[in-house]
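Please keep the sequence and the model in view while reading.

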Amino acid sequence: MTDKYCVIGNPIAHSKSPEIHPIFARQTGQDLVYERCLAPLDAFAATVQRLVAEGYKGANVTLPFKIEAVAVCTRLEERAQAAGAVNTLVFAEGEIVGDNTDGPGLVADITRNAGVAMRGKRILLLGAGGAARGALLPFIQQGPREIVIANRTVATAEQLARDFAPYGIPVHGTGFDTVAGSFDIVVNATSGSLAGEVPPVAASVFGPGALALDMMYGNQPTVFMEFAAGHGAATRDGLGMLVEQAAEAFAVWRGVRPDTAEVFRKMRP
């Protein structure tokens, strides 16, 4: 029988995941189908239970259910626990296992696709919401010299830094207007680009040869990317993160990692 997977969200029609996973399946010789699943805003848990009952093997979770998905899991992988959010579900042996591949996808895009090593680097993370939290453990595992979290509400950034202090890499929280020094990697984990807003940080945050990455993506460079490029940084948007997190989820489900280059060529000719 063909194994069934889907992506759960609301809205869901915009999701690119159903375009990505069939390419991965063909590449790797895996027999599966991957669909969109629109869950009512008040019935996420019931939707997951229905998918399990219908024999699905797993699912991705997108907005607005990534935090709610934690509660439906019988077990969480460490990176999902650290993120406080789940974007990948595995249905197996009576369990619902929650994982989070967003952060590993971002790391893969930075290190493999952009060719930028993170070890020993100074990293600035703009924003202290769910997207930033999901990135922190995978970032820490790369061995950077320091991570600074900048946020409009300083207390939120400071609390997030305290949450990740036990992992042994210096993590500090601050405000947008009090960021000190320059950085090798600057990641915009706010949703500001959707509204055409750039986090109010000084242009001096972009060190020589810096990489600036916006988690948002579109057909044109985001306003954050334009700001960063104007001050000498190399820039990337969030498409690579999307594709690489999908590859990581596929590997979790199927035990084989697909090649993402073909997907990039199709999605951004």
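The largest nonpolar core has 30 residues, and Leu106, Ile110, Phe139, Ile149 and Val187 have the most contacts inside it. A nonpolar core is a set of buried Ala, Val, Leu, Ile, Met, Phe, Trp, Tyr and Cys residues joined through side-chain atoms within 4.5 Å; buried means under 20% relative accessible area, computed with a 1.4 Å probe and protein chains only. In soluble globular proteins, nonpolar side chains tend to be buried together.

This is a predicted model, in which local features need pLDDT of at least 70 and side-chain atom pairs count only at pLDDT 80 or more, while totals for chains, interfaces and linings use all residues. Residues are numbered from 1 along each chain as its sequence is written, and side-chain values use heavy atoms, with hydrogens and water left out.

Helix α6 (residues 130-140) packs against helix α7 (residues 154-164) at an angle of about 35°, with their axes 11 Å apart. Axes are lines fitted to C-alpha atoms, for helices over the stretch in contact, and angles run from 0 to 180 degrees between N-to-C directions. In this pair, Ala132, Arg133, Leu136, Leu137 and Ile140 of α6 meet Leu160, Asp163 and Phe164 of α7. The contact residues divide into six nonpolar, no polar and two charged. Here Ala, Val, Leu, Ile, Met, Phe, Trp, Tyr, Cys and Pro count as nonpolar, Asp, Glu, Lys and Arg as charged, and the others, Gly among them, as polar.

A further helix, α9 (residues 239-254), is mostly covered, with 15 of its 16 residues buried. After α9 comes Gly255, whose phi is positive, near 75°. The axes of α9 and α5 come within 7 Å and cross at roughly 115°. Residues of α5 including Asp102, Leu106 and Arg112 take part in the contact with α9, where the partners include Met241 and Glu248. By class, this contact has four nonpolar, four polar and five charged residues.

Methods. Helix = DSSP H or I, 4+ residues; strand = E, 2+ residues; numbered from the N terminus. Contact = heavy atoms within 4.5 Å. Buried < 20%, exposed > 50% of the residue type's maximum accessible area, 1.4 Å probe, protein only.
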